[in-house]
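Colleague: I would like to learn how to read the features of this model. Please take me through them one at a time.

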Amino acid sequence: MNSQYNHKKGIVFLNQYHIVFCPKYRRKVLIDNIAKDLKQIFFDIAKEKDIEIKALEIMPDHVHIFISFDPRQPLHELIQLFKGRSSHILREKYPKLKSRIPSLWTRSYFCCTIGNVSEETIKKYIENQKNK
């Protein structure tokens, strides 16, 4: 069997998603220490929930994250966790986020399963975001 598949008790899977979400009003608030802290929050959540972050890029006005996780975990709950916990932590630590926008994240997000595009293509796309 292909080594790229994940093996866990009772399941073998390759469940990968490219996810993008933005701060409210697409404000450019994900900068400097906020971006650094956000990255750490995401990695902490990933470790807690056994999610593999394959690529992550935090732009001033949006986030790209490429993850792989057990398909028994609902995607919308993981996105809600990433957005909810990061909003709570960052808005407590950086009060200017509370005064600039009513909530850190928009309600919407983009997600796409990775299948018809190679994993390497997605990684390069995310890593090259800052070069645009």
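Colleague: At what angle do helix H1 and helix H2 pack?

Modeller: Start with the convention: axes are lines fitted to C-alpha atoms, for helices over the stretch in contact, and angles run from 0 to 180 degrees between N-to-C directions. Under 35 degrees is roughly parallel, over 145 roughly antiparallel, 65 to 115 roughly perpendicular, and the rest oblique. Here helix H1 (residues 32-49) and helix H2 (residues 75-93) meet at about 140°, with axes 10 Å apart, so H1 and H2 count as oblique to each other. The helix names come from DSSP runs (H or I, at least four residues; strands are E, at least two), numbered from the N terminus.

Colleague: Which hand does the crossing of H1 and H2 have?

Modeller: A crossing is left-handed if the near helix is turned anticlockwise from the far one by less than a right angle, and right-handed if clockwise. For H1 and H2 the crossing is right-handed.

Colleague: Before we go on, what sort of model is this?

Modeller: It is a predicted model, in which local features need pLDDT of at least 70 and side-chain atom pairs count only at pLDDT 80 or more, while totals for chains, interfaces and linings use all residues. Residues are numbered from 1 along each chain as its sequence is written, and side-chain values use heavy atoms, with hydrogens and water left out.

Colleague: Is Leu-38 buried or exposed?

Modeller: The cut-offs are under 20% relative accessible area for buried, over 50% for exposed, and partly exposed in between (1.4 Å probe, protein chains only). Leu-38 sits in helix H1 and counts as buried because its relative accessibility is 0%. Across the sequence, Leu-38 and Ser-87 are separated by 49 residues, yet their C-alpha atoms are 9.0 Å apart. Phe-42 also belongs to helix H1 and is buried at 0%.

Colleague: How many salt bridges does a search of the whole structure find?

Modeller: The general idea is that side chains of opposite charge can pair when their charged atoms come close. The criterion is a side-chain nitrogen of Lys or Arg within 4 Å of a carboxyl oxygen of Asp or Glu. The search finds six salt bridges. One of them joins Asp-50 and Lys-8, with closest N and O atoms 2.3 Å apart. Asp-50 is in the loop between H1 and strand E4 (52-59) and Lys-8 in strand E1 (residues 6-8), so this pair ties together parts that are 42 residues apart in sequence. Both partners are partly exposed: Asp-50 at 47% and Lys-8 at 31%.

Colleague: Which residue forms a salt bridge with Asp-61?

Modeller: Arg-26 does, at 3.0 Å between the closest N and O atoms. This pair links distant parts of the chain, 35 residues apart: Asp-61 is in the loop between E4 and strand E5 (62-68), and Arg-26 in the loop between E3 and H1. Asp-61 is buried at 15%, whereas Arg-26 is partly exposed at 42%. Another salt bridge pairs Lys-98 with Glu-92, at 3.3 Å from N to O; Lys-98 is partly exposed at 42%.

Colleague: What is the phi of Arg-26?

Modeller: As background, most residues other than glycine have a negative phi. Arg-26 has a positive phi of about 50° although it is not a glycine. Asp-32 likewise has a positive phi, near 50°. Asp-32 is in helix H1 and is exposed, with a relative accessible area of 65%.

Colleague: Where does Lys-24 lie?

Modeller: Lys-24 is in the loop between E3 and H1, partly exposed at 22%. Lys-24 and Lys-39 are 15 residues apart in sequence, with 18 Å between their C-alpha atoms.
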